[in-house]
There are 2 protein chains.
Amino acid sequence: MNKRSSVSTVPGTSPLRVGFIGLSANKGWAIKSHYPALLQVSSQFQITAVLDVDLEASKATIEKLKLVRAKPFEDVKQFAQYENVDLIVVSINVPNFYKVVADLFKYSQGNASFRYLFAEWSIGRNLQEAQEVYRLASLRGIRTIVSLQGRKSPYVLRAKELVSQGCIGEINSIEIAAIGGFYGYERPYKSPDYLYDAESGVNLVSQAFGHTIDILQYITGSYFSEVNGMIFNNIPKQRLIDERNKSMDQEKPKSAPDHLLFQGTLETGNVPVSCSFKGGTPVKKFTKNLVIDIHGTKGDLKLEGDAGFAEMSNLVLYFCGQKPDEDHSTSSAETMEVYHLRNYNSIVGNILRIYEAIADHHFKANPSRKLPDDFSKQGFEFGGFPTFTDALVVHNLIDVVLRSHYQKATLPVPKPPIDDDGPDT
Amino acid sequence: MNKRSSVSTVPGTSPLRVGFIGLSANKGWAIKSHYPALLQVSSQFQITAVLDVDLEASKATIEKLKLVRAKPFEDVKQFAQYENVDLIVVSINVPNFYKVVADLFKYSQGNASFRYLFAEWSIGRNLQEAQEVYRLASLRGIRTIVSLQGRKSPYVLRAKELVSQGCIGEINSIEIAAIGGFYGYERPYKSPDYLYDAESGVNLVSQAFGHTIDILQYITGSYFSEVNGMIFNNIPKQRLIDERNKSMDQEKPKSAPDHLLFQGTLETGNVPVSCSFKGGTPVKKFTKNLVIDIHGTKGDLKLEGDAGFAEMSNLVLYFCGQKPDEDHSTSSAETMEVYHLRNYNSIVGNILRIYEAIADHHFKANPSRKLPDDFSKQGFEFGGFPTFTDALVVHNLIDVVLRSHYQKATLPVPKPPIDDDGPDT
């Protein structure tokens, strides 16, 4: 399951043509993750269009990155109608996402070549907005991909394998503690305003918790049945820091949360799960800044990372339990192993593996990796890629957590608001 | 604060005369903890009476332990009226406690020498019973002591010192994970029936959680303001094991909980606290079976133990933070230290330190350790000893946790039902 895509070259096919929104040569997430990932699968993906705020910016990106086949755009309408694109990647800030993607769907109605949309998590500021995006994608008829890329982390996949093969027996308890980024006392002065604002939906809960809990559900193969959340804004003002992380003696008020307490039960096995997500640059002295402890009747799994962002950190996986036999049944011998890829670049690698999964699906070179025709969500499958449906499931959980906090209640997790058909038709 | 009692001998005084209920030479908690502790302070405490189910049992204990000054009893009425007793220690099972202690108060009304009552936590099966015990103690007029002995653990006291001296700055988050004893898959076949029964009030919540959360409140100097609890009975049948911990191929149903998820906020600083208490013999492979992580703005404290019973385990305390200066202000230098007493017997030692505190109070040999006249609870004081009032505070918290679970609500912690005067008059 952890092997690289088998379709590094596919004879007789053209690469998928990629239109990119949010790629800049100098700054942002895409240049650090999507772009180097795409370079590694250049026989399968080729950037053919770049949309930025104005033509100059688009041209500058194309020039600096030597995207010789890419056409620059400044207008979303023309970009959406451009037929030399199969896959559009949208890597922009969540608060701006809805408007852009709505325009994209609106103007691309007649564009048959545009068949894939790859968007950054969280596709919306809240459940309602994500639902609307999902609805529009369904109406448009398009295959969606969302960057819940933690699912592609080799550590996560290995943990999932070990769990699914019964190597730790029945899971009976889980604890997670994470400390995440600039959601605490300090924030770089260049951070955009929306990161201070709870309403923007880009915060400790949506990001650190959202990604991590998606990973947990994916590893365990179970959604949550009941949850309680308690959300804190104990640090109402953040100190601003400069490029060298030096305090600037300035403060800025925030409404965004700096701590989430979450506890709940997994549907499968009624497993108690305890989580503490804390804002702040990593500082813990006696424990890693990300710890996911999964305990079972026959063993334990521990995932550790240096920062509370499991989806883009290099991790270490510790496993103790029953050794899987060749035939994937477990033997009674106990084994202990540590998995760590010292040079694994998780920022690029996890995104790369999503692109590989898209290629596997599109080129159908490997029959064993072929997705079913009605593939609308990854769910708990090893293969495939997370879709807007998977994103809605996480949004649905976050929404219950928020309601649990405001209502001061332990709440059941309702079924996510998903059409049976799904958006991927 | 960690020093041994200063009153190892007090010239011109007689030792406190101890009447013991629940001491047996062969089995039980008292012979492992109270008795060796009393031997270490024999110039201050002398067992003068033993009450057991019949005279033979009382005599046998006296004989085997060579308690030359002790008189055997089989009748609680006569025992309660015996004037050669200052302190009565009650170390019996919680379900039997109420009846015995009610009789004790009833029949000892005219017995002026009986002035101290030292009872095992939890003094009642639930808040209501503990309240009634507290009320009876108030009516009787007696100084109470309860074995919330974790407060006397040298690791706990050192942690409390470091916190109170600001060595880790302001506490901003706490995580606790513990795995405790025979509340999980297995239980010794000799265990009494009440341990399978949730109603007995002796279980994972009252014991592992009760002691640990009392310790946490004591270290931080703060009670909880709001809590959520989720209680699990995921293991409805326990496997019975023999004396050598071998499975006997027999099962016994239980209603007692095997997991508690608890999260809440400390009053002081609105600190988020996340706890996961799991039943089961210690098995975790990649983490200690007791971990208390206390994070502050200037450092961290970690308490670790091999089993989830902080009050009677030998621990290790890790501290990283600001070095306290001689004058107990903190300097800016960062320091890291590990506290561990390799040969510390915590089962005896923590109880011993309660007896030492009683002696300090009674003999008043050390003016700096003199308790105020209106001393009715230890609260967060370094000196003194935990009383029934402190026990009620913990019961009050446990009661909210139970209600939170049943009502599926995040609940405020009400003021504990304590008379202003307290029971210790």
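The model shown is predicted.

**The two chains together**

Begin by displaying chain A and chain B together. Two copies of a chain are related by a rotation about an axis and a shift along it. Here, chain B is superposed on chain A by a rotation of 180 degrees with 0.0 Å of shift along its axis, at an RMSD of 0.0 Å. The two copies are therefore related as by a two-fold rotation axis. To locate this axis from chain B, select A409(B): its C-alpha is the nearest to the axis in that chain, at 2.0 Å.

**The interface**

Next, select the residues at which the chains meet. The same surface serves both copies, since 100% of the contact residues of chain B recur in chain A. In number, 43 residues of chain B are in contact with 43 residues of chain A. The size of an interface is often given as the accessible area lost when the parts come together. Between chain B and chain A, the buried area is about 3,600 Å², and carbon and sulfur atoms give 58% of it.

How many salt bridges are counted between chain B and chain A? The count is two. For a salt bridge, select K408(A) and E226(B), whose closest N and O atoms are 2.6 Å apart.

**An aromatic pair between distant parts of chain A**

Turn now to the aromatic rings. Over all chains, a search of the whole structure finds 24 aromatic pairs. Select Y223(A) and F380(A), which form a tilted pair with 4.5 Å from centre to centre and 40 degrees between the planes. These two residues are 157 residues apart in the chain and link distant parts of it. Y223(A) belongs to the loop between α7 (205-220) and β9 (224-232) of chain A, whereas F380(A) belongs to the loop between α8 (346-363) and α9 (388-407) of chain A.

Is Y223(A) buried or exposed? Y223(A) counts as buried because its relative accessibility is 18%, under the cut-off of 20%. F380(A), at 25% relative accessibility, counts as partly exposed.

**A cluster, and charges over rings**

Stay with chain A and select F209(A), F224(A), F262(A) and F277(A), which form one aromatic cluster. Then select K160(A) and Y218(A): the charged end of K160(A) sits over the ring of Y218(A), 4.4 Å from the ring centre.

For the last stop, move to chain B and select R187(B) with Y196(B). R187(B) lies over the face of Y196(B), at 5.6 Å from the ring centre.

Methods
Residues numbered from 1 in each chain as written. Chains lettered and ligands numbered in written order. Predicted model: local features only at pLDDT ≥ 70, side-chain atom pairs only at ≥ 80, totals over all residues. Heavy atoms only, no water. Phe/Tyr/Trp six-rings, centres within 6.5 Å; stacked < 30°, edge-to-face > 60°. Helix = DSSP H or I, 4+ residues; strand = E, 2+ residues; numbered from the N terminus. Buried < 20%, exposed > 50% of the residue type's maximum accessible area, 1.4 Å probe, protein only. Lys NZ or Arg CZ within 6 Å of the ring centre and 35° of its normal. Least-squares fit on C-alpha atoms with pLDDT ≥ 70 in both. Contact = heavy atoms within 4.5 Å. Buried area = accessible area lost by both parts, 1.4 Å probe. Salt bridge = Lys/Arg side-chain N within 4 Å of Asp/Glu carboxyl O.
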